[in-house]
Structure formats: structure tokens, C-alpha cells
Amino acid sequence: MNGQNFSAVNTKTRVLKSRLLSNRDYINLMQLDNVNEQIDYLKNNTVYGKVLEDVDELDYDIQRIEINLKRYLIIQMEKIIRYFTGEYKEFYKTLLLRYEIEDLKLYLRAIERKEEIPNVACFFLNHSTFNCNKLQNVGNLGEFIDGLKGTIYYDILAPYKDEEGPKTIFYMEMNLDRLYFNQLKAKCKKLRKADREAFEYTLGENIDLLNIEWIYRGIKFYNLLPEELINYLLPHGLEFNYKDLKKMCYSDIDTLKEIVLKSKYSFLFDTKKDVELFMERRIERYLYFKFKSLFKKGHLNILITIAYFHLLEFEIRDIISMLEAKRYGFTLEDTINYLVKKIEGSD
Amino acid sequence: MAVEKMVMMNIIGDISRVDDILKDIALSGKVDLVSAMKEIEENNFAININHENLERLVDLNDIKTFNKDNSYKQLIQKAEEIKRAFNIETHEPSLGGPSLDKDHIRARIDEIYEQVENYSEKIKQVEKRLEEIDKFERSFTIPESFSISTDDLRNLNYFEHKFGLLSKEDRIRLKKNYENILAAILHVGTNKDGEIYLIIYPLLVKEEIKRILRSVNFKEIVIPETYRGTITEIKDQLENEKQGLIKEIEGYNKSLEELKKKYKDEFLILLNQLSIKEKIEEYKSNLARSNKFFYLSGWISESDKNEIKNILNRYDKLLITINDETSIKPPTKLKNNWFFRPFEVLLKMYGVPAHDELDPTPFLSISYMLLFGAMFGDLGQGFIILLGGLLLSRKNKLFGGLLERLGFSSMIFGVLYGEVFGIEELIPALVIKPFEEINTVLVAAIVVGVVLILISYILGIINCFKRKDIEEGLFGKEGLAGLIFYICLLAIVGGTLIGKPIIPTGLGIAIILICIAGMVLKEPLTNLITGKRPLHGEDVSGYYVQSIFSLIEVILSMLSGTISFIRVGAFTLTHVGLFIAFKTIGEMIGTSTGNVIVLIIGNIVVIGLEGLIVFIQGLRLQYYELFSRYYKGDGKEFNPISIK
């Protein structure tokens, strides 16, 4: 497909979307007594049953479940990718790069803590750009980075090869994130105009929100220099230009709030509840509704598939939240506050 | 000619002499070792039991293999390093020379190695330093117009500085926020990785600037403390250091050279001894040992028997037994005179004859030369191939020899056809001008083929009888039945072609039917003759289905195999025809120089391309039409141990 005809892939995507969990499923899950029952519920009553099949009852472990759920997401996206060729296929692969990057971060953290490299990830199997097995056998950071030679990650990680110290990981992660957004931006440039503009809009909003979160946390918790804040901002946002962002970086918390309250993202601070605790969830719920309405509008462009991708992502996050909440003994009323999907009773 | 008869030699001797004996055997180059352990296990180690031998036999009970002496490996590694340091080319171990004790060799090599290593280690260090300088020079490429002295920069009391690389994107990031950054950022140069900047900032904000630089992926280029002054001065300094280092290396090399002068001759002898000893150590893995004796088994050709006994005579208490009958299949040693020997190359490409098979080399040689010459008959071009063969035989004696003989054959046929370099007018044809009598050429090719196939049948039957294989020899499709079948078939077909029956058709068909019956019933018939029962193997119906189908194959292959030889005639014609094409092109060009050039190119193409094709086609006829009728080639080559 050259991007002209979305009717087939969008129909397919609608079928996939219809398999997402219902409100009833959410409530059922939260009402169960313990984590094992929740996992059994997922196994027996939802589409996730298939990827959870091989998880043995004896080693129910939330991390393991999370990996398998993410694998489900990758399988679904690979179904969709099959409808595309050329630049469009490349674009969707780039979208999934985030999961590869998350893997890389897990590896890096394990190396830094001198732990065994987790056998967690590698679910990006069909399109993986590096050799997981090879990387699992390295002894130190230098070897690890050398193992990435030939991938897009090598150039940005190479300068840290001989570095030591806890902050190194932070710098590498920041660079990896920036790489992801730069790649997305570059790949979407090659799409048709309508698709490009539609995607750039949603990407721009996402970047705005991430930047606000970054600046807020940087000022409040990390005591970063304003210059450092600026240098790690993601480019290509939607609402704020460089001057606005610079102003935000050089202000204190209250001024920052004021600026944001005046923008379309006022919902972040316009609340009586805890700002920090729910900030990430608010961002995600905002995007959740955005994508939901995009899906409903159903234009014949790439947004349907992009929306499905994110909706599924949020759902998986919710499932994990529900499992964790049960583990810590949250009540149903408490739990719904931490979910991206809005279940009656939360704001 | 033919295959030499091999016998198995078993030796039992005193274990203290094993190295010397093995060395002598290897020097003789006439013994193909086999695993003595296996020989003993299969009870082929025949020893007469008498009082004297009793001890040797009793000792057989706790027999084991030799442990490999790994101390040689280390010595050889050291020797290799010395070789590298002395710059000695690889050399072939030579025979003779005094036999040196292992401990002596070790001591001498260790001594030389220590002296050599001293210098080569130093050279390595200096080279490493040179590399560091090179690396720094490559990254620190600031033009000399940058006149600030690094000393001045270092001596600043309240400021610090850094040189380093920034990407374009990060540079813009900094630039946009310049008013908030307390540092001066100057572009000072370019290297292959990016742009070099000099950053100067107050000591007070040192930590902040470091963090900021960190956030824009600043890659620092560190100037070592010892480099002082301006860029020009640093460059001079580096240049001086480099010169000094190079001189240092030269000095070391000179010392190495002196060492070489002093030790080279001795070292070569040591190395020679060492490699001989290591080879022998390798061969020992085939031997077996007990507490007091070693056991050695190997094939020798019967004619070398006495020579080897003579060599080993000087060792006393050696028990040599020679045995013609063992259960192991002996290897094959081909023995051919100088004329046929090069053709062994072609034979070995197919397979080495088994010990009880005729050596097909002479027949192969003659028939192959005949076929090649017939297809590629040209006095001039044959001469070129002969010359090529002579040149090549310096490097590759066998293949060169092969080309010489083929070229020679081509020349003879050139005279018969009257062709020189593709030109037919120069000399008269002694026998025939192929292009003028196409039919004769094609028919002659088939006749030659028939003769060759008949000879193959006879050779095949001889081979069967040598193997005492009655079934294939009498009733096989390549045996007597097949031969008679083929002759009758030829007689009938030939008779029809010339319109005059050679044998009565009815008789011919009757004989053919008898032959077919023999081929189909070959297994029961053989069992009947040899008196074996039951007549058939296990699967009776399967046997008949198979033999009837293979019969169809026989008839087809007889006809196609014969017709196949028509290619000999066809290529004879192609050879001439291809050249006519070039001649025509030459004439079309018109000028005589052009004409000559085209003819030269034509000759090159014909010799290169057609020569190759004819070479392959001839080989194909040999392998498929002839070898398949008489030759199995499943033998193992005789491979004597030697020092080289």
C-alpha cells in the first residue's frame, strides 16, 4: 500500500480495537480478591489469554505478566504493519522503536548495577535492530556499547563508553529518548502531507506535555540548572516556541504553573487533588481521550492505527496498575484514581 | 604401471629408541602409518610365540597410546616469535644435520628468545606511544593561526578552559541560550569527527559549566600536561618526540639485526630440529606403547620391504613382522612411468583405484590424448599449449606435464588435419581436412567411441575377475553379458546402416535375449554356480522389478553412450568453424593490420575458450562413458609420513 488506501487497514484496526477490555472487565478485575485471580481472569476471559498461556500458575509474577502483555502489543502492531510498505512501514517500525529503547534502558541499568542482564525483553523480535543474545553476554558498559555497533544507538552512546558514575545512565537515557523523537519526526516527514500533518499534531501535543513534566520535575525535585533543562527539552513541540520554553525553564514553580494554566494544558494544575502524584496519569488520560475521539472520527488516514496503538498501550498500563494496586491492597475507589481509562468516580 | 602390492609392517621395539626409529622411517618416506592400537585390537599384530618374544607379548596387556608432549608447542611459539623478530621467511625443514637433544634445544631457544624479547618488547612499547601521538594529532587539528599559548591558558588564575567537539545541533542549542551561559565559546578548528571549540569559563561556575557541557554531549580533547606552548610549539614538540621514537626503534632494530647475525645459523638448525621433533611427536599419535615397548604399524610396498629392513637393521632388539593379509583395506600406491604420471591428476579427481583394481592411468592417458588431439587438432595452437605446459611445469609439475602432453597430441593431429593457427592453406593435410568431409569425421568419431567402449568393457571384466566378483563379471551389465549384448546390438544396428547384415538378425536377437535373461537373473544364476542357497535374497519381487528397470537403463546408456562420442567429431568441426568466423571478420575489416589483429585475437579466444571446453568434454567422456563401465575408484591413497 502506498498510503493511499486506508480502508482495509482501518477496518482491521477497528476489529482489533473491539477486543479491548470493557468497563465491565475493569470492574471485574478490580473486584477480584487477589493478584492470582486477576491473572486467571485475564487468562480465561480476555484476549490476553493467548500470550499468558505459557505463564505457569506457580510463577505468577507481575513483571513477567507485563512482558507478555507488551508482547501482545507488538504482535498486534506487527499485524498492522503487514498492511504497509515502504516509508509507511518504516514509520510504524520507528513507532515501535520505543519498546526497543525501553529494553536498552533496562540493560543499561542492569549493567550499571552490575546485575545479570535481565532476560526480560527482546520481544521486538521480528524487527529488532540489534542482537539481544549477543548483548546478554557482555561484561561491561564498553562491551555493551560496542555490541551496538552498526545500529542507530551506537553513535549517541559511544561517548559514554569509558564513563563511570551514576549520572552516566541518566545522560544516556536522555539521549536515547531524544533519539526516539528525532527518529519519529524524521520518518514522518516522508509520509504524505495529510498523514504527516495529522501525526505531527498529536506528536506535538505529546511533546509539549512531556516537556512541561520535565521542567516541572527538574525545578521541583532535581535542582537542575536552567541551561540543562533547556538542553534536554524535546524539540518540535506544538504550543510553545523556544522563547516560551526558555521562560519556563528560568522561572520558579509558581510562575511555571501560571504559564501552563494560561495554555490549553491548564488541566495539569487546575485541580484540588495532588498535582505531582497524578501528573503523569493526567497527561495520559488527556491523550487517551484525544485518541479515543480520533478513533471515533475515523478519518481515512494513519491516525486510526496510531490511536489504536496508544489505546492498547494505555490499557496494558492500566492492567499492570490494577495488578500492582491489588498487591498493595488498594480499594477499588483508590485504584481507579491511578487508571488512565476513566471509570465512574474518578476525575 | 599398475597398482603396487602393499604389505603391512608391524614393529615392536624398545621404547627408548622410538624417536630415532620414527625419524628414520619418516626420512625414508616409504611408510604409511595406521593406528597400531586398532591393529592390536583386531589381533593383526602377529607375533610368533617363543621364549624371546614372551616379554613383549605379556606387555601387550597394558597397552596405551602415547601422550602428546605439549611442551613443544610452547617452544614453537617462542621460535615463531624469534622468526618474526629476525624477519626470517618460512622455511622448509631440511633433512640431516646433527640430531640435538630436546633439553639442549629448549635451553638454546630460551636463551635467544630472552634476548630477542627484550628488544621486541621495547619496540612494541615505542610503537604504542607513536600510535598515541598519531591519534592525538589526528583529533587535535587546530590551525597554527590560533596563536594563544596553551601555557597562558593553563596559567589563568580565575578561569579554566577545555578543548573539545560539539555537534552542529548542540552548538545551536548553546548559541540560543548564550546570554545565560557564563562561558566564552570559540570555534578553533575542524577534525574528521566534527568542529573543535575552545571553552573558557570562570572557576567559580566550573561545576555548572561542566554539567551544561555534559548536557550538550561535549567531547573533550585532553591536551597532556607535557605539551606546552602555542599550537606551533606543540606540533614541533610532537614532531621531535616522534623523530626520537623512530630513532629509538631503529636502534632496537639494529640490535636485533646484530642478534640475528650472531644467532641466525644456530637458530635455523634449532628450528629445523624442533620442527622435525614436533612432526615425529605428531606421528606418535598413531603408535601404541606399553611400559617397555612401542608398537608401530604401517603399510609399505612389497618392493620396499628389504630397503626398510636395512634401514632398521642398525637397531637391535627390534621385532619386525611383515604381513600380507590383514582385514584392513590396504592403501593404493600408483606406479606409472614418466609419460603417464601427469594423468594421475585426472584420475585422482575421480577417485584413487582400490588395491585390487587395475590402474586405469595408461588407458586414460592414451585415450584422453587421442580425444583431446582429435577435437583440438592444430599444429600452432598445440605448440602454444605445449609451451604453456612447459612454463607451468616449473610451478605445478603434474598439471604442466599434462598440458605438455595434450599440446603435443594436438600438434600431431594438427599435422594430420593440415592446420596451423587455424589456417588450413599453409600445410597439406596428411589424412583429412575435417571441414571438407563432415560425415566421415562424425562417423569416425563414433567408431573411435565404439572401440574405446569395447576396451572399457574388457577392462571392467578383468577388474571383476580380480575382485573375484562372478556376479558382475559374468552377468553384470558391465560384465561379459553386457559386452556380448553390446556387440550384437552394434552388429544389428551397423548391419542395417550399411544395408548388409553382419550377423543374421534372428541369431543376433536370440543372443541378445539370452544376455538379457542372464542380466535379469544374475543373482540366482551366480548362486547356482557358486552353490549358494537360497537362490534369491530376501525381497524376490523387489529384485526383479529393480533388475528389469535397470535393464532399460542399460539399453539406453549403451546407445546414448555410443552416440555421445559424436561430440568428438562435432568439436573437431567447431574448432575449424569458429576460426572461419574470425577469418571472415578479419576480411571484413579490410586492412591487413586489422586482419592480423583479428586473427591473433581469434587464436587467443580459440585456445582459451575452446581449449577449456574441449578439455572438459574430453574429461566428461572419460568419466561418464568409460570410467562408469570399468572403474570404481574407491581406494585410499598411499600417504607415507615424511619430515616435510
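Helix axes here are lines fitted to C-alpha atoms over the stretch in contact, and angles run from 0 to 180 degrees between N-to-C directions. The model is predicted.

**Exercise 1. A helix pair in chain B**

Find the angle and the axis distance at which helices α13 and α22 of chain B pack, then classify the pair.

*Solution.* 
Step 1. Helix α13(B) covers residues 379–392, and helix α22(B) covers residues 592–630. They pack at an angle of about 65°, with their axes 11 Å apart.
Step 2. Angles of 65 to 115 degrees count as roughly perpendicular. The two helices α13(B) and α22(B) are therefore roughly perpendicular to each other.
Step 3. The crossing of α13(B) and α22(B) is right-handed.
Step 4. List the residues. Helix α13(B) brings Gln381(B), Ile384(B) and Ile385(B). They meet Asn603(B), Val606(B), Ile607(B) and Gly611(B) of α22(B).
Step 5. Sort this contact by class: four nonpolar residues, three polar and no charged.

**Exercise 2. A helix pair in chain A**

Which residues of α10(A) and α11(A) meet, and is the crossing left-handed or right-handed?

*Solution.* 
Step 1. Locate the helices: α10(A) is residues 167–188 and α11(A) is residues 193–222. Their axes come within 10 Å and cross at roughly 165°.
Step 2. Angles over 145 degrees count as roughly antiparallel. The crossing angle therefore makes α10(A) roughly antiparallel to α11(A).
Step 3. The crossing of α10(A) and α11(A) is left-handed.
Step 4. From α10(A) come Phe181(A), Leu184(A) and Cys188(A). Their counterparts in α11(A) are Arg196(A), Phe199(A), Glu200(A), Leu203(A) and Ile207(A).
Step 5. The class count for this contact is six nonpolar, no polar and two charged.

**Exercise 3. The four-stranded sheet**

What is the strand order of the open sheet of four strands in chain B, and which strands stand at the edges?

*Solution.* 
Step 1. The order is β5-β6-β4-β7 in chain B, with antiparallel pairing.
Step 2. Strands β5 (184–191) and β7 (219–220) of chain B each have a single partner strand, so one side of each is left without a neighbour in the sheet. These are the edge strands.
Step 3. Take the β4(B) and β6(B) pair. Strand β4(B), residues 159–166, runs antiparallel to β6(B), residues 194–202, and eight bridges join them. Phe163(B) stands opposite Leu198(B) of β6(B). Leu165(B) has Ile196(B) of β6(B) as its bridge partner.
Step 4. Take β5(B) and β6(B). Seven bridges join these antiparallel strands. A hairpin connects β5(B) to β6(B) through two residues. Thr190(B) has Glu195(B) of β6(B) as its bridge partner.

**Exercise 4. Where the chains touch**

How many residues of each chain are in contact with the other chain, and which helix of chain B supplies the largest share of its side?

*Solution.* 
Step 1. The counts are 13 residues of chain B and 11 residues of chain A.
Step 2. On the chain B side, α7 (168–176) and α8 (206–215) each supply at least two residues.
Step 3. The largest share, five residues, comes from α8(B).
Step 4. By class, the chain B side has three nonpolar, four polar and six charged residues.

**Exercise 5. Confidence**

*Solution.* 
Step 1. Chain A averages a pLDDT of 85, and 94% of its residues score at least 70. Chain B averages a pLDDT of 85, and 95% of its residues score at least 70.
Step 2. In chain A, the lowest confidence is in α7(A), residues 132–136, at a mean of 71. The highest is in α16(A), residues 303–327, at 93.
Step 3. In chain B, the lowest is in α3(B), residues 51–59, at a mean of 65. The highest is in α12(B), at 93.
Step 4. Where pLDDT is low, predicted coordinates should not be read in detail.
Step 5. For the complex, the predictor gives an ipTM of 0.72 and a pTM of 0.54.

How values were computed:
Residues are numbered from 1 along each chain as its sequence is written. Chains are lettered from A and ligands numbered from 1 in the order in which they are written. This is a predicted model: local features need pLDDT of at least 70, side-chain atom pairs count only at pLDDT 80 or more; totals for chains, interfaces and linings use all residues. Two strands pair if DSSP finds at least two bridges between them. pLDDT is the predictor's confidence in each residue, from 0 to 100. Two residues are in contact if their C-beta atoms, placed from the backbone, lie within 7 Å. Ala, Val, Leu, Ile, Met, Phe, Trp, Tyr, Cys and Pro count as nonpolar, Asp, Glu, Lys and Arg as charged, and the others, Gly among them, as polar. Angles under 35 degrees count as roughly parallel, over 145 as roughly antiparallel, 65 to 115 as roughly perpendicular and the rest as oblique. A crossing is left-handed if the near helix is turned anticlockwise from the far one by less than a right angle, and right-handed if clockwise.
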